[in-house]
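Take a slow look at the fold below before reading on.

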Amino acid sequence: MRKGLWLGIALMAAVLGYAGFQRYKIYLPGLISQLREPIQPYRDVTWAKGPVTAPTEKRPPNIILIVADDLGVNDISLYGGGVGNGAVSTPNIDSLAAQGVSFANGYAANATCSPSRAALMTGRYPTRFGFEFTAVPAAFAKNLAHVDGASPYPVIYHEELNRDLPDYPDQGVPASEIMIPEVLKQQGYHTIHIGKWHLGEAKPLRPTAQGFDESLGLRAGGGMFMDPDDPQVVNAKLPWDPIDRFLWPNLPYAVHWGDGARFRPKGHLTDYFTDHALAAIEANRNRPFFMYLAYNAPHTPLQALKSDYDALPQIKDHKERVYGAMVRQMDRRIGDVLAKLRETGLDENTLVIFTSDNGGAWYTGIAGHNKPYRGFKGTFFEGGIRVPLLMRWPGRIAPGTVRADTAQHLDLFATIVAAAGGAVPADRPMDSFNLLDASQRREMTFWRSGDYRVVRVGDWKLQVAKRPDKVWLFNLATDPTERVNLAAQEPARVSAMRALIERQNAGLPKPLWPGLLEAPIRVDVPLNAPWSRDQEYVYWAN
């Protein structure tokens with residue numbers, strides 16, 4: 001296979017010639033992937049069935065954890081927003097808050113997806129086990145290192161660190177970490193993963209090796225939602241975004257079932273994953289189950305169903321209309337999941353949790369993802385890390401509850417384990433609080449990516465960056481949108497909070513793989529906005 005792979009590449013180079021090869025080399029990762037693992041035709045998937053009859057004794061609650069991908073806090077209508085200045089309502093997502101609890105200070109564990117998901121699944125700061133940066137292939141990082149554009153601040157590419165980069169499949173959560181499904185299996189749960197993984201593709205790091213009985217989805221960080229030429233899809237490409245330019249030629253339209261070979265799914269992935277979530281609920285209606293339903297929407301590449309796109313003529317901007325259609329579809333299908341729980345009689349005994357892995361992305365070119373907060377994905381300003389965090393459990397959580405205390409993705413581990421009647425691991429430091437226990441409150445929380453480090457203590461938040469060499473201090477009680485930097489007026493507080501960051505990072509292991517890139521991300525405008533030197537920015541390491 002390896003000999004044939006390189007013969008194919010050599011043939012491509014010979015046919016195109018050097019100049020053509022340089023132009024089209026961006027297609028190489030996808031070509032290599034297809035040669036290594038050809039995509040098989042569509043196949044049916046059958047979920048393992050539980051008992052035929054329901055147990056007569058009281059059973060533990062079912063738990064469904066739904067995670068959206070790059071969904072901004074203003075992309076749902078719960079907080080008075082919605083894509084297209086409110087054109088896209090999200091009644092089904094909003095219903096989780098109306099019938100349960102919403103956390104007004106809900107945070108992602110990181111400003112990019114992979115470390116955030118690692119924290120969510122383990123209940124530990126991922127820097128405790130070296131998972132500091134999002135897992136990306138070397139070819140992807142190198143492509144981003146040579147972007148064109150008008151930025152006055154260059155992308156910094158640490159080519160010398162490539163020697164320390166593991167193979168992409170090996171970039172994941174170490175098998176020694178304990179994930180939520182591993183604890184729940186000890187409590188008799190059947191554990192199901194559907195959707196995005198992005199926590200390691202090598203066999204010891206896959207969902208099936210980390211506690212999930214069954215897994216259907218994307219091992220990597222993303223995939224095409226549909227064939228781009230499908231008559232039912234509407235595509236929106238983002239020519240200003242080097243990430244988007246890399247995704248279209250290289251992401252496959254394919255999924256994995258367990259440890260099997262990848263194959264083509266049917267229809268839009270949001271529908272495909274939801275349809276299988278409904279089938280898995282039906283198959284497990286008579287036994288306790290944990291389902292991790294990890295949508296890859298509304299992450300790029302932007303691909304919507306034509307029917308959803310046609311329903312939003314009031315959104316005039318094409319890319320925003322496609323994005324809004326993707327959010328509309330996801331909300332509708334979450335409604336189908338909730339309806340299935342009612343239909344099967346499981347509604348009253350199911351804890352449903354909804355969140356996003358981080359804030360809305362700067363590279364979509366949509367300015368309002370995280371309004372009114374400053375910042376995007378890839379920054380630790382509130383827009384990059386403040387996310388919807390909603391929980392519904394009839395009879396256990398009072399409808400319409402709003403919690404003002406700080407809650408974090410880290411806390412979902414202890415919350416889910418407690419709901420299932422289990423105990424968090426006692427053999428390692430844990431960073432998770434049980435959100436169902438009113439006596440537990442998070443007073444302090446940290447974020448870190450390379451030399452960009454942040455702590456929130458009570459209402460005070462300190463951000464420390466190396467590039468630019470700057471400190472931001474905000475009082476979120478009086479300034480929740482981080483407009484007034486109080487660092488110069490509060491030197492003693494800055495010093496004390498810096499000491500907390502240093503104490504948190506003392507003795508942590510080196511990253512499992514290096515951050516090859518440092519790239520500037522502007523705080524207040526998206527990627528397609530014109531650059532000027534007076535715009536505030538941070539360098540994001542990955």
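Strand β13 (residues 444-449) is largely enclosed by the rest of the structure, because 5 of its 6 residues are buried. Here, buried means under 20% relative accessible area, exposed means over 50%, and partly exposed is in between (1.4 Å probe, protein chains only). Strands (E, at least two residues) and helices (H or I, at least four) are DSSP runs, numbered from the N terminus.

This is a predicted model, where local features need pLDDT of at least 70 and side-chain atom pairs count only at pLDDT 80 or more, while totals for chains, interfaces and linings use all residues. Residues are numbered from 1 along each chain as its sequence is written, and side-chain values use heavy atoms, with hydrogens and water left out.

Back to β13. What does it pair with? Its partner is strand β14 (residues 452-457), in the antiparallel sense, over 6 bridges. Two strands pair if DSSP finds at least two bridges between them. Phe-446 has Val-455 in β14 as its bridge partner. β13 and β14 form a hairpin with 2 residues between them, and Gly-450 in the turn has a positive phi of about 65°.

**The sheets**

Now for the open sheet of 9 strands, with mixed pairing and the order β7-β5-β4-β8-β1-β10-β11-β2-β12. At its edges sit β7 (256-257) and β12 (401-408), each pairing on one side only. Helix α4 (residues 91-98) packs on this sheet, touching β2 (101-107), β10 (350-356), β11 (389-392) and β12, and its direction makes about 70° with that of β11. Axes are lines fitted to C-alpha atoms, for helices over the stretch in contact, and angles run from 0 to 180 degrees between N-to-C directions.

There is also an open sheet of 3 strands, with antiparallel pairing and the order β3-β17-β18. β3 (156-157) and β18 (537-541) are at the edges with a single partner strand each, so one side of each is left without a neighbour in the sheet.

| Strand pair | Sense | Bridges | Residues facing each other |
|---|---|---|---|
| β13 and β14 | antiparallel | 6 bridges | Phe-446 and Val-455 |
| β5 (residues 214-218) and β7 | antiparallel | 2 bridges | Leu-216 and Trp-257 |
| β3 and β17 (residues 517-522) | antiparallel | 2 bridges | Ile-156 and Glu-518 |

**The helices**

α4 has a helix partner too: α4 and helix α11 (residues 318-343) pack at an angle of about 50°, with their axes 7 Å apart. Angles under 35 degrees count as roughly parallel, over 145 as roughly antiparallel, 65 to 115 as roughly perpendicular and the rest as oblique. α4 and α11 are therefore oblique to each other. Where do they meet? Pro-91, Asn-92, Ile-93, Ser-95 and Leu-96 in α4 meet Asp-331, Arg-332, Ile-334, Gly-335 and Leu-338 in α11. Contact means heavy atoms within 4.5 Å.

Ala-339 and Leu-278 are 61 residues apart in sequence, and their C-alpha atoms are 9.5 Å apart in space.

Helix α5 (residues 113-122) is largely enclosed by the rest of the structure, because 10 of its 10 residues are buried. What covers them includes β1 (62-68), α7 (180-185), β4 (190-196), β8 (289-294), β10 and α13 (411-419). Just after α5, Gly-123 takes a positive phi of about 70°.

Helix α8 (residues 242-250) is mostly covered, with 7 of its 9 residues buried. Among those buried residues are Phe-246, Leu-247 and Trp-248. Their cover includes α2 (28-36), α6 (138-145), β6 (233-236) and β9 (302-305).

**The whole protein**

Zooming out, the secondary structure comes to 14 helices and 18 strands. The radius of gyration is 22 Å, close to the 24 Å that the globule rule gives for 542 residues, so the protein is as compact as a globular protein of that length. That radius is taken over C-alpha atoms, and the globule rule is 2.2 Å times the number of residues to the power 0.38. The C-alpha atoms fill a box of roughly 70 × 65 × 50 Å, taken along the principal axes. Buried residues make up 59% of the 542 residues.
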